[in-house]
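I opened my notebook on this one to look up the overall build and a few spots along the chain. Here is what I was looking at.

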Amino acid sequence: KFQEGQKDDLDRLDDMEGEIEAQEGRLLQLRDNLKVYHNMKDKYERLMGEVHSLESEKQALADELEKAQVDPTKGCSQAIKKKLQKVEEGLARARSETRRHQQMYRQAEQEAQKCKVLDRKIHDLKHAKVNLIKKQREDAAKHKDFTNQKTREIHAFKRREKKADKKISKMETECQKFKSNLERSKTHCEQ
């Protein structure tokens, strides 16, 4: 029964080891993906800054255009309109890029969450492996103690048996002597 338990534990250990290796491989791959996403996060933040800057510039140009239309001496409304159109195009492009990067950034956050979950799972697997190894050692030690105790008991029984055999042998010898002495005494008495 002990050997069966040990074999089952070894099989479970092999399974755990394979699972740990597989999960660690996935974790490394996820972490490599996260490095790429961290760069995207930086680009996303730069794009957000660009969007805010372009929105401010758009607002300033819109105000300038309004003043130019009210008072034509303040500047050329056509030039302002062209600038405003360029800013609006840049703003549309920046917003589109920002949305795309925001989606990638969200995906990166999901990947980071997966990393945490996977890291925890690996930690739990390693902990379970350590506990199983500890259990195996304890079982082996208990089995060894039990075997040693039974061996000592067997040796003690054998010693007692030898002692008893010697005693019986000694008594048989004494009995034989007494019988032979008794026979001699009988034959002496009869004569």
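My entries below go from the whole chain down to single residues.

**Ground rules.** I'm working with a predicted model, where local features need pLDDT of at least 70, side-chain atom pairs count only at pLDDT 80 or more, and totals for chains, interfaces and linings use all residues. Residues are numbered from 1 along each chain as its sequence is written, and side-chain values use heavy atoms, with hydrogens and water left out.

**Overall build.** I looked up the secondary structure and got 2 helices and 0 strands. I take helices (H or I, at least four residues) and strands (E, at least two) as DSSP runs, numbered from the N terminus. The radius of gyration is 47 Å, well over the 16 Å that the globule rule gives for 191 residues, so the protein is more spread out than a compact globule. For the record, that radius is taken over C-alpha atoms, and the rule is 2.2 Å times the number of residues to the power 0.38. The C-alpha trace spans about 175 × 20 × 15 Å along its principal axes.

**Contacts.** How far apart in sequence are the residues that touch? I counted a contact as heavy atoms within 4.5 Å. Of the contacts between residues at least 6 apart in sequence, 84% join residues at least 24 apart.

**Surface and burial.** I get about 15,300 Å² of accessible surface, 52% of it from carbon and sulfur atoms; the method is Shrake-Rupley with a 1.4 Å probe, and for residues only the protein chains shown count as cover. Buried residues are 19% of the 191, where buried means under 20% relative accessible area, exposed over 50% and partly exposed in between (1.4 Å probe, protein chains only).

- Val87 sits in H2 and is buried at 7% relative accessible area. Beyond its neighbours within four places in sequence, Val87 contacts Leu54, Glu57, Lys58 and Leu61. I also checked Val87 against Leu125: 38 residues apart in sequence, 55 Å apart in space, C-alpha to C-alpha.
- Not counting residues up to four places away in sequence, Glu111 touches Leu30, Asn33, Leu34 and Tyr37. Its C-alpha is 101 Å from that of Ser180, 69 residues away along the chain.
- Gln136 is another H2 residue that counts as buried, at 10% relative accessibility. With neighbours within four places left aside, Gln136 is in contact with Gln6, Asp9, Leu10 and Leu13.

**Cysteines.** I looked for disulfides (a pair of cysteine sulfur atoms within 2.5 Å) and found 0.
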